[in-house]
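The sequence and the model come before the description.

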Amino acid sequence: MERWEKSPSVVPTRDELVARLRVRFADIPVENVRRCVDDLWCCCTHLGLRPEERTIERLAASRLTGVVRGGRPPYPDGRTASRPPGSTLTAPPRPARAAARTPIGM
C-alpha cells in the first residue's frame with residue numbers, strides 16, 4: 001500500500017472537499033456527498049492513481065449534478081412527484097401481435 005493512501009493528512013482534505021461540495025449541492029444530504037467523495041477516493045486508489053483533490057472534486061461535482069438533475073421535477077404547486085407504494089418502473093404489458101406473413105416465412 002502506498003504511503004499517501006494511509007496518510008492522516010488525507011482526512012482533513014476529504015472534510016474540506018465535502019464542505020465545499022456541500023455548499024454547491026445544499027439539496028443533497030451531507031452523508032450522500034461524503035459517500036460520493038469517499039467512493040471516488042477509493043476508486044482512484046483501487047485503480048492505482050493518486051487521488052488528487054481537484055480531480056476528486058470535479059468528478060464528485062459531476063456525479064452530484066447528475067443526482068440533482070435526475071430528480072423528479074416538482075409539480076406547479078411545489079409538491080414533488082412520488083410513486084405510490086408498490087408501483088414499479090416497468091411498462092404495462094402489450095397485447096401480442098399476430099405474426100406478419102412475409103415471403104421469407106412461407
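Contact here means heavy atoms within 4.5 Å. Leaving aside neighbours within four places in sequence, Leu64 is in contact with Leu21, Phe25, Ile28, Val33 and Cys36. The model is predicted, so local features need pLDDT of at least 70 and side-chain atom pairs count only at pLDDT 80 or more, whereas totals for chains, interfaces and linings use all residues. Residues are numbered from 1 along each chain as its sequence is written, and side-chain values use heavy atoms, with hydrogens and water left out.

**Overall fold**

The protein chain has 3 helices and 0 strands; helices (H or I, at least four residues) and strands (E, at least two) are DSSP runs, numbered from the N terminus. From the N terminus on, the order of elements is α-α-α. Of the contacts in the protein chain with a separation of 6 or more, 52% are between residues 24 or more positions apart. The protein chain exposes about 8900 Å², and carbon and sulfur atoms supply 56% of that area; accessible areas come from the Shrake-Rupley method with a 1.4 Å probe, and for residues only the protein chains shown count as cover. Buried means under 20% relative accessible area, exposed over 50%, and partly exposed in between (1.4 Å probe, protein chains only). Of the 106 residues of the protein chain, 19% count as buried.

**Nonpolar core**

A nonpolar core is a set of buried Ala, Val, Leu, Ile, Met, Phe, Trp, Tyr and Cys residues joined through side-chain atoms within 4.5 Å. The largest such core has 15 residues, of which Leu21, Val37, Ile56 and Leu64 touch the most other members. Two or more residues each come from helix 1 (10–24), helix 2 (30–46) and helix 3 (53–69). Helix 2 gives the largest share of this core, 6 residues.

**Helix 2**

Helix 2 has 17 residues and reaches 24 Å from its first C-alpha to its last, close to the 24 Å expected at 1.5 Å a residue; the expected span is 1.5 Å times one less than the number of residues. The buried residues of helix 2 are Val33, Cys36, Val37, Leu40, Trp41 and Cys44. They lie on the same side of helix 2 because they cover an arc of only 130° around the axis, the arc being that of the directions from the helix axis to the C-beta atoms. Helix 2 is followed by Gly48, whose phi is positive, near 85°.

**Helix 3**

Both Glu57 and Ala60 have their place in helix 3. Again leaving aside neighbours within four places in sequence, Glu57 is in contact with Leu17, Arg20 and Leu21, while Ala60 is in contact with Leu21, Cys36, Val37 and Leu40.

**Cysteines and accessibility**

A disulfide is a pair of cysteine sulfur atoms within 2.5 Å. By this rule the count is 0. The sulfur of Cys43 is 7.1 Å from the closest cysteine sulfur, in Cys44, which is too far for a bond.

| Residue | Relative accessible area | Class |
|---|---|---|
| Cys43 | 33% | partly exposed |
| Cys44 | 10% | buried |
| Glu57 | 18% | buried |
| Ala60 | 0% | buried |
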